[in-house]
Amino acid sequence: MQITVLAGGIGGARFTRGLLHHLRATHVDAEVTVIGNTGDDIRLFGLQICPDLDTVMYTLGGGISEDRGWGREGETFTVKDELAAYGVKPDWFGLGDRDIATHLVRSQMLAAGYPLSAVTAALCDRWRPGVSLVPMSDDRLETHVVVDGDEPGTRKAIHFQEWWIRHRAGIPAYDFVLVGVDAAQPAPGVLEAIRDADVVLLPPSNPVVSIGTILQVPGVRDAVRTTAAPVVGVSPIVGGAPVRGMADACLAAIGVETSAAAVARHYGARVDATGGPSTGGLLDGWLVHDETDAAAVGELTPLGIATRAVPLLMTDLDATAAIAGEALALAETVRR
Ligand code: GDP
Ligand code: CA
């Protein structure tokens, strides 16, 4: 069995860790491919930093800081402090000393001409994440955020990380632009992993700047729409709010309500209500949190999205594995 997951950082990584736990516990022989978001990537101080790929790699490889959810366990920030002592900017990005070694290896290999997918595979030789971790593209892509400009009535674009970390998504965003997407191609294996999958899973990653970004890479959305595999998603929105982070600010920027049902409607159904092909939707199935969002079942099922209400809080590994198990079970019921 081939399972393909489209993942951002923390939500995608933790879900995938639960998925691997579930597969082991149920003795299912499956290969898991994680297609990682690289729209969050940023180049700082000569280092190419891929936060979401690293979060997946460290989480699945046992090196993640469980408290923070990103970066390394036992991290120190000496280099960051030294940079601050020089007064160099930006000073808001969490650049850990251990983490810097990863960025150095990556940057050196990229400079030597290796594509990001090969670099990621090389880094994973150390971490053994138990999945094939593939960046969505080998091309340099960066999500930028359109915000108010310095002069009244003007607008400017800033890097996603500046909006997310420095401003904590607290200044109005008017749009997200994936810089470089027009000339970008999916990394080798990305479209095949979706096309040839037995199940495609959308973990509870940010629908706008994680999964939405991966879907913008040319060919990816079509591959998800047309794969023979069932496509099942897990809501990152519980009771009208993100479980963690500021996905509500991202959804507001693209005019989508922050609710489990609205995110599903935003992804859309792969079939219309009569079972015929829809006009471009992605989902066969959708999981919502039972205690808060059970009403979404009645709302979404008639739209052609098979919806189940189950516990969706990834509080520990067993709870997370159960979510993954529910996603796979739902996939079986919608398989054509
Ligand atoms: P990021 O790149 O680090 O922001 O991570 P992702 O995009 O992969 O995932 C972020 C999303 O994970 C957020 O919108 C959260 O609401 C969601 N999330 C985090 N923890 C949980 C959880 O326990 N349950 C659910 N359903 N969603 C979660
Ligand atoms: Ca991210």
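Author: H2 and H4 pack with their axes 12 Å apart, at an angle of about 120°. Axes are lines fitted to C-alpha atoms, for helices over the stretch in contact, and angles between N-to-C directions run from 0 to 180 degrees. One caution: this is a predicted model, where local features need pLDDT of at least 70 and side-chain atom pairs count only at pLDDT 80 or more, while totals for chains, interfaces and linings use all residues. Residues are numbered from 1 along each chain as its sequence is written, chains are lettered from A and ligands numbered from 1 in the order in which they are written, and side-chain values use heavy atoms, with hydrogens and water left out.

Reader: What do I call the arrangement of H2 and H4, then?

Author: At that angle, H2 and H4 are oblique to each other. Under 35 degrees counts as roughly parallel, over 145 as roughly antiparallel, 65 to 115 as roughly perpendicular, and the rest as oblique. H2 passes H4 in a right-handed crossing, meaning the near helix is turned clockwise from the far one by less than a right angle, whereas anticlockwise is left-handed.

Reader: And which residues of H2 and H4 meet?

Author: From H2 you have Asp54, Met57 and Tyr58, and from H4 Asp99, Thr102, His103 and Arg106. Contact here means heavy atoms within 4.5 Å. Sorted by class, the contact of H2 with H4 has three charged, two polar and two nonpolar residues. Ala, Val, Leu, Ile, Met, Phe, Trp, Tyr, Cys and Pro count as nonpolar, Asp, Glu, Lys and Arg as charged, and the others, Gly among them, as polar.

Reader: Ok, what about H2 and H5, at what angle do their axes cross?

Author: At roughly 20°, and the axes of H2 and H5 (residues 116–127) come within 10 Å. That makes H2 roughly parallel to H5. The crossing of H2 and H5 is right-handed. Leu53, Met57, Tyr58 and Gly61 of H2 meet Leu116, Thr120, Leu123, Cys124 and Trp127 of H5. No charged residues take part in the contact of H2 with H5; seven are nonpolar and two polar.

Reader: How far apart are the axes of H1 and H2?

Author: 9 Å, with an angle of about 30° between H1 (residues 10–25) and H2 (residues 51–61). H1 and H2 are therefore roughly parallel to each other. On the H1 side the contact has Ile10, Ala13, Arg14, Thr16, Arg17 and Leu20, and on the H2 side Thr55, Val56, Thr59 and Leu60. Five of the residues between H1 and H2 are nonpolar, three polar and two charged.

Reader: How do the H and S numbers work?

Author: They're DSSP runs, numbered from the N terminus: helices are H or I of at least four residues, strands are E of at least two.

Reader: Switching to strands: in what order do the seven strands of the open sheet come?

Author: S5-S2-S1-S9-S10-S13-S14, with parallel pairing. Two strands pair if DSSP finds at least two bridges between them. S5 (132–135) and S14 (306–310) are at the edges with a single partner strand each, so one side of each has no neighbour in the sheet. Neighbouring strands of this sheet are turned by 20° against each other on average, ignoring direction. H2 packs on the sheet too, touching S2 (31–36) and S5, and its direction makes about 175° with that of S5.

Reader: And how is the three-strand sheet paired?

Author: Antiparallel, in the order S7-S6-S8. S7 (155–159) and S8 (175–179) are the edge strands. Five bridges join S6 (residues 142–148) to S8, and valine 145 stands opposite phenylalanine 176 in S8.

Reader: How many aromatic pairs does the structure hold?

Author: Seven. In one of them, the ring centres of tryptophan 163 and phenylalanine 176 are 5.5 Å apart and the planes are at 75°, so the pair is edge-to-face. Rings of Phe, Tyr and Trp (its six-membered ring) pair with centres within 6.5 Å; planes under 30 degrees apart are stacked, over 60 edge-to-face, the rest tilted. Tryptophan 163 is in H6 (residues 160–166) and phenylalanine 176 in S8, 13 residues apart.

Reader: Last one: which peptide bond is cis?

Author: The one from lysine 89 to proline 90, with omega near 0°. Proline 90 is in the loop between H3 (78–86) and H4 (97–111). Histidine 27 sits in the loop between H1 and S2.
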